[in-house]
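Please work through the exercises below with the sequence and the coordinates at hand. Each task is followed by a worked solution.

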Amino acid sequence: MDRLAMLRQFVAQKPDEAFPRYGLAMELRKRGLLAEAIAEFRELVARNPGYIPTYLMAGNALVEQGDRAAALAMLHQGITAARAAGDAHALGELESAAAALEG
């Protein structure tokens, strides 16, 4: 079984767990399947809004897809989530990424 199939199986078994879905989204992105990756990132945000790494990676995937407006929205959503979680490191990364897109 290849990695992608394995990750899909993990997500099917435990759809509300953040890490398997994040891994699936990252694998899809790595393979250039951006639309599928973005769908998984969005599902992850819906199910686990406190899983902060999602926002930067989703924003990057949206930029790769050419959707700067959606990327900025995702990054700003992540900034809010990182502030709420007290995650200063992620907050800095998200703010830098948003500033780069805005500037």
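The exercises that follow concern a predicted model.

**Exercise 1.** Determine whether E27 is buried or exposed, and describe its surroundings.

*Solution.* 
Step 1. Locate the residue: E27 is part of helix 2, which covers residues 18–30.
Step 2. Apply the cut-off: buried means under 20% relative accessible area. The relative accessibility of E27 is 5%, so E27 counts as buried.
Step 3. List the residues it touches: with residues up to four places away in sequence not counted, E27 touches R3, L4 and L7.
Step 4. Examine the polar partner: the side chains of E27 and R31 make a polar contact at 2.8 Å.

**Exercise 2.** Classify F10 by its accessibility and identify the surface patch to which F10 belongs.

*Solution.* 
Step 1. F10 lies in helix 1, residues 3–13.
Step 2. Together with M1 and M6, F10 forms a nonpolar surface patch with about 320 Å² of accessible area.

**Exercise 3.** Characterise the largest nonpolar core and the contacts of L75.

*Solution.* 
Step 1. The largest nonpolar core comprises 35 residues, and F41, I52, Y55, L75 and L94 have the most contacts inside it.
Step 2. Two or more residues of this core come from each of helix 1, helix 2, helix 3 (34–47), helix 4 (53–65), helix 5 (68–85) and helix 6 (88–102).
Step 3. Helix 5 gives the most to this core, namely eight residues.
Step 4. Leaving aside neighbours within four places in sequence, L75 contacts Y55, L56, G59, L94, A97, A98 and L101.

Conventions:
Residues numbered from 1 in each chain as written. Predicted model: local features only at pLDDT ≥ 70, side-chain atom pairs only at ≥ 80, totals over all residues. Heavy atoms only, no water. Helix = DSSP H or I, 4+ residues; strand = E, 2+ residues; numbered from the N terminus. Buried < 20%, exposed > 50% of the residue type's maximum accessible area, 1.4 Å probe, protein only. Polar contact = N/O pair within 3.5 Å; in protein donor to acceptor, adjacent residues only side chain to side chain. Contact = heavy atoms within 4.5 Å. Patch = residues over 30% accessible without salt bridge, like charges linked within 9 Å, V, L, I, M, F, W, Y side chains within 5 Å. Areas by Shrake-Rupley, 256 points an atom, 1.4 Å probe, with all protein chains shown as cover. Salt bridge = Lys/Arg side-chain N within 4 Å of Asp/Glu carboxyl O. Core = buried A, V, L, I, M, F, W, Y, C linked by side-chain atoms within 4.5 Å.
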